Amino acid sequence: MITAQVFIEHQLDTNTSFGVRVDTGERVFVNSKLVRKHNIEEEQVRELTLLPNSNDTHADTPWRAVGVSIQ
């Protein structure tokens, strides 16, 4: 588990979102429940807690957000 800044690039109508890590440019999946809970919007940079995305069908998205860092 790591914490990284993520720029939210795209948000679907379902609130499912995709972003990129600011430090590496790697894609990040953000599920709709997390988006709604923390009011995440497109074009924001948020400090997110990440885990490797174990879903092999999404090899181009190596990370998934599991939480929002509160500082």
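Predicted model: local features only at pLDDT ≥ 70, side-chain atom pairs only at ≥ 80, totals over all residues.
Ala 65 is found in strand 5, where strands (E, at least two residues) and helices (H or I, at least four residues) are DSSP runs numbered from the N terminus. With a relative accessible area of 6%, Ala 65 is buried. Buried means under 20% relative accessible area, exposed means over 50%, and partly exposed lies in between, with a 1.4 Å probe and protein chains only. Leaving aside residues up to four places away in sequence, Ala 65 touches Val 28, Phe 29, Val 30, Leu 34, Leu 48, Thr 49 and Leu 50; a contact means heavy atoms within 4.5 Å.

Residues are numbered from 1 along each chain as its sequence is written, and side-chain values use heavy atoms, with hydrogens and water left out.

Next comes the chain as a whole. The protein chain has 1 helix and 5 strands, and their order along the sequence is β-β-β-α-β-β. A compact globule of 71 residues would have a radius of gyration near 11 Å, and the value for the protein chain, 11 Å, agrees with this. The radius is taken over C-alpha atoms, and the globule rule is 2.2 Å times the number of residues to the power 0.38. Along the principal axes, the C-alpha atoms fill a box of roughly 30 × 30 × 15 Å. Of the 71 residues, 35% count as buried. Among contacts with a separation of 6 or more, 43% are between residues 24 or more positions apart.

The accessible surface comes to about 4500 Å², and 47% of it belongs to carbon and sulfur atoms. Accessible areas come from the Shrake-Rupley method with a 1.4 Å probe, and for residues only the protein chains shown count as cover. The mean positions of the 7 positive and 10 negative charges are 10 Å apart. Lys and Arg count as positive and Asp and Glu as negative, without His and the chain ends; each charge is placed at NZ of Lys, CZ of Arg, CG of Asp or CD of Glu.

Now follow the chain from its start. Strand 1 (residues 2-11) pairs with strand 2 in the antiparallel sense over 5 bridges, where pairing requires that DSSP finds at least two bridges between two strands. Val 6 has Arg 21 in strand 2 as its bridge partner. The two strands form a hairpin with 5 residues between them, and Asn 15 in the turn has a positive phi of about 80 degrees.

Why is strand 2 (residues 17-21) described as largely enclosed by the rest of the structure? The reason is that 5 of its 5 residues are buried. Strand 2 also pairs with strand 3 (residues 27-30), in the antiparallel sense and over 4 bridges. In this pair, Val 20 stands opposite Arg 27 in strand 3. Strand 2 and strand 3 form a hairpin with 5 residues between them, and in its turn Gly 25 has a positive phi of about 80 degrees.

Glu 9 belongs to strand 1. At 38% relative accessibility, Glu 9 counts as partly exposed. Beyond residues up to four places away in sequence, Glu 9 touches Phe 18, Gly 19, Val 20, Arg 27 and Glu 42. The C-alpha atoms of Glu 9 and Pro 52, 43 residues apart along the chain, are separated by 19 Å.

The loop between helix 1 (32-38) and strand 4 holds Asn 39 and Glu 43. Phi is near 50 degrees for Asn 39 and near 70 degrees for Glu 43. Most residues other than glycine have a negative phi. Asn 39 is exposed, with a relative accessible area of 56%, and Glu 43 is exposed at 65%.

The last stop is Thr 61, in the loop between strand 4 (45-52) and strand 5 (63-68). Is Thr 61 buried or exposed? At 4% relative accessibility, Thr 61 counts as buried. Apart from residues up to four places away in sequence, Thr 61 touches Arg 27, Val 28, Phe 29 and Asn 53.
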